[in-house]
Amino acid sequence: MKGLLIKDFLTVRKKYGIARLVMDLAIIAALMIVLEGAGPIYISFLLVPLEVASMLITLANSDEQWKWGKYAVALPISKKQIVSSRYAFAGIAALIGLCVALVVNTISYFCFPAYRFGFYLFLSVASFCVVLLFLAFMLPSNYWKGVNAGFAVMFILIILLIVLGIWSRVTDNAIMGFVVDHFDLSMMIGFVSTILIFALSYLLSIALFKRKYA
């Protein structure tokens, strides 16, 4: 499985390169400067999930172009290990996204201290959960109907996230108000639910991959 992970990291490095990293850093800096206190919210809930999701879409697209699935099942590893390696990469990418969100939110706290530091920590953890939810719906779609299905799911989830943000603003941030009033409960329910959904997604992906290459 280690070899499969290395293959995924090399693929992402080849497809993205330094130029994409510089562009992402420039976008983050621009959002921080232009939006000031609101910048971390857009970065945490839109930019980070979108970038991590696009990495997984890139891998799925490369797999389809290279007919990787047919080759992978011929290797001396199980189908479960093949799926596990992709989920392991997804988990690592989500953790990298969490680190980025933590850095951005910490900088925002010191430069534009609109809220207490605990709120910025919450944004980082919430961003991590959003990323896992994106991947939990995208990955099974890739194994079921291919990369186009995964891309469609990503697009739908982004739309839903934007609609949720607009609804929250219209209702005077009712969601954030509930989270503040029930912080510990919200964190526990949100995190546990996300991990459970991600685990179920993993089991579903294994079943779909086995059926596809039975």
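## Helix H5 and what follows it

Helices here are DSSP runs of H or I with at least four residues, numbered from the N terminus. This is a predicted model, in which local features need pLDDT of at least 70 and side-chain atom pairs count only at pLDDT 80 or more, while totals for chains, interfaces and linings use all residues. Residues are numbered from 1 along each chain as its sequence is written, and side-chain values use heavy atoms, with hydrogens and water left out.

H5 itself covers residues 117-145, and its 29 residues span 42 Å from the first C-alpha to the last, close to the expected 42 Å at 1.5 Å a residue. That expected span is 1.5 Å times one less than the number of residues. Of the 29 residues of H5, 21 are buried, so the helix is largely enclosed by the rest of the structure. Buried means under 20% relative accessible area, exposed over 50%, and partly exposed in between, using a 1.4 Å probe and protein chains only.

## How H4 and H5 pack

Which helix packs against H5 with axes that come within 9 Å? Helix H4 (residues 79-111) does, crossing H5 at roughly 155 degrees. Here an axis is a line fitted to C-alpha atoms, for helices over the stretch in contact, and angles run from 0 to 180 degrees between N-to-C directions. That angle makes H4 roughly antiparallel to H5. The angle classes are: under 35 degrees, roughly parallel; over 145, roughly antiparallel; 65 to 115, roughly perpendicular; and the rest, oblique.

The crossing of H4 and H5 is right-handed, meaning the near helix is turned clockwise from the far one by less than a right angle, with anticlockwise giving left-handed. In this contact there are 21 nonpolar, 5 polar and 1 charged residues. Nonpolar covers Ala, Val, Leu, Ile, Met, Phe, Trp, Tyr, Cys and Pro; charged covers Asp, Glu, Lys and Arg; the others, Gly among them, are polar.

## H2 and its two partners

H2 (residues 39-65) packs with H1 (residues 2-35) at about 160 degrees, their axes lying 11 Å apart. The two helices are therefore roughly antiparallel, and their crossing is right-handed. The contact of H1 with H2 contains 13 nonpolar, 6 polar and 7 charged residues.

H2 also meets H4: the axes of this pair come within 10 Å and cross at roughly 155 degrees. H2 and H4 are therefore roughly antiparallel as well, and the crossing is right-handed.

## Two residues to look at

Is Asp8 buried or exposed? Asp8 sits in helix H1 and is buried, at 1% relative accessible area. Its C-alpha is 14 Å from that of Leu139, a residue 131 positions away in sequence.

Ile195 belongs to helix H8 (residues 183-212). With a relative accessibility of 38%, Ile195 counts as partly exposed. Between the C-alpha atoms of Ile195 and Val12 there are 25 Å, and the two residues are 183 apart along the chain.

## Cysteines

How many disulfides does the structure hold? The count is 0, with a disulfide taken as a pair of cysteine sulfur atoms within 2.5 Å. For Cys99, the nearest cysteine sulfur belongs to Cys129 and is 14 Å away. For Cys111, the nearest is that of Cys99, at 19 Å. Cys99 counts as partly exposed, with 47% relative accessibility.
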